[in-house]
Amino acid sequence: MSEIQVGIVMGSNSDLPVMRKCAEALDLFGIGYEMVISSAHRHPEKTAHYARGAVDAGLQVIIAGAGGAAHLPGVIASMTLLPVIGIPIAIEPLHGVDSLYSIVQMPQGIPVATVSVNGAYNAGLLAVQILAVHDQKLLHRLNIYRQSLAANVEKNDSLLREQEIERKRPEKGEEK
Ligand code: RP5
C-alpha cells in the first residue's frame, strides 16, 4: 500500500458520490489517500483535531468538499499550513452557488484553492500536480496523462471529420 499523502475530507456522507471522483484521480496516479467525514458545524472538534494533526500524520495536501454554508475547507485551511483544495458541492435548493461562494471567497491570509462546483476529479488532479513539484516520476506520468487528453481530442476530431464527409456524400441517384 502506498503511503497516505492526501486527506479527502467531506462534510457529510451525502457528499460521497461527488467526493469519490477525487479518489478516482488519485488512484490513476497511485497516490495514497484517506477519506474522512467531518463537519465544520456539526463536529468542529473533530475537524480541528484532523486539521491540526494533518502535518504530523504525514499528509501533504488536504482536499475538502462541502455543500451549502460550506465552511469546512476554509476552517481546515485556518488550522494547517498544508495546501487545501476546496470543492463546492451542489445541493438543493441553491445548486452549489452557496457552496461556491462560501469556499471561494476566503479572506486574505488563508487561501483555499477552489475548484468548480462538483469538480472533485480536478481537485484530485490538482493534488497530484502539487505532489509532482518534488516528484519527477509523478511529473512524467502527468505529462503522459495530458498527452492522452490531446490524443483523445485528435481521435474525436478525426471521427467527426469522417462522419461529416460521410454525411455530405451524395446518395446514389442524387449524383449529377
Ligand atoms: C454540508 O451540508 C455537507 O457537506 C453537505 O453537502 C450538506 C448537507 O449535509 P446532509 O444534510 O446531507 O448531511 O455540511
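The shell around the ligand consists of two nonpolar, four polar and two charged residues. The model is predicted. In this model the ligand sits in the largest pocket. Elsewhere, the structure holds four salt bridges, and the peptide bond from Glu92 to Pro93 is cis.

**Ligand site**

- The residues that surround the ligand are Gly11, Ser12, Ser14, Asp15, Arg42, Ala66, Gly67 and Ile91.
- The side chain of Ser14 places an N or O atom 2.7 Å from an oxygen atom of the ligand.
- For Arg42, a polar side-chain atom is 2.8 Å from an oxygen atom of the ligand.
- Gly67 takes part through its backbone, where a polar atom is 3.0 Å from an oxygen atom of the ligand.
- On its own the ligand has 360 Å² of accessible area, and the protein covers 72% of this.

**Salt bridges**

- The count of salt bridges in the structure is four.
- One of them joins the side chains of Lys21 and Glu24, with an N to O distance of 4.0 Å; the cut-off for a salt bridge is within 4 Å.
- Lys21 and Glu24 both belong to helix α1, which covers residues 16–28.
- Because Lys21 and Glu24 are three residues apart in this helix, about one helical turn separates them.

- The loop between β4 (84–89) and α4 (97–104) contains Pro93.
- The cis peptide bond that leads from Glu92 to Pro93 has an omega near -5°.
- His95 is found in the loop between β4 and α4.
- Phi of His95 is near 60°, which is a positive value in a residue other than glycine.
- As background to these two entries, most peptide bonds are trans, and most residues other than glycine have a negative phi.

Terms used. Residues are numbered from 1 along each chain as its sequence is written. This is a predicted model: local features need pLDDT of at least 70, side-chain atom pairs count only at pLDDT 80 or more; totals for chains, interfaces and linings use all residues. Side-chain values use heavy atoms; hydrogens and water are left out. A residue is near a molecule or strand if one of its heavy atoms lies within 4 Å of it. A polar contact is a pair of N or O atoms within 3.5 Å; within protein, one must be able to donate a hydrogen and the other to accept it, and residues adjacent in sequence count only if both atoms are side-chain atoms. Accessible areas come from the Shrake-Rupley method with a 1.4 Å probe; for residues, only the protein chains shown count as cover. On a 1 Å grid over the protein atoms alone, a cavity is a set of points where a 1.4 Å probe fits but cannot get out, and a pocket is an open set with protein on both sides within 12 Å along at least five of seven lines; lining residues have an atom within 4 Å of a point. A molecule sits in a cavity or pocket if more than half of its atoms lie within 2 Å of its grid points. Ala, Val, Leu, Ile, Met, Phe, Trp, Tyr, Cys and Pro count as nonpolar, Asp, Glu, Lys and Arg as charged, and the others, Gly among them, as polar. Helices (H or I, at least four residues) and strands (E, at least two) are DSSP runs, numbered from the N terminus.
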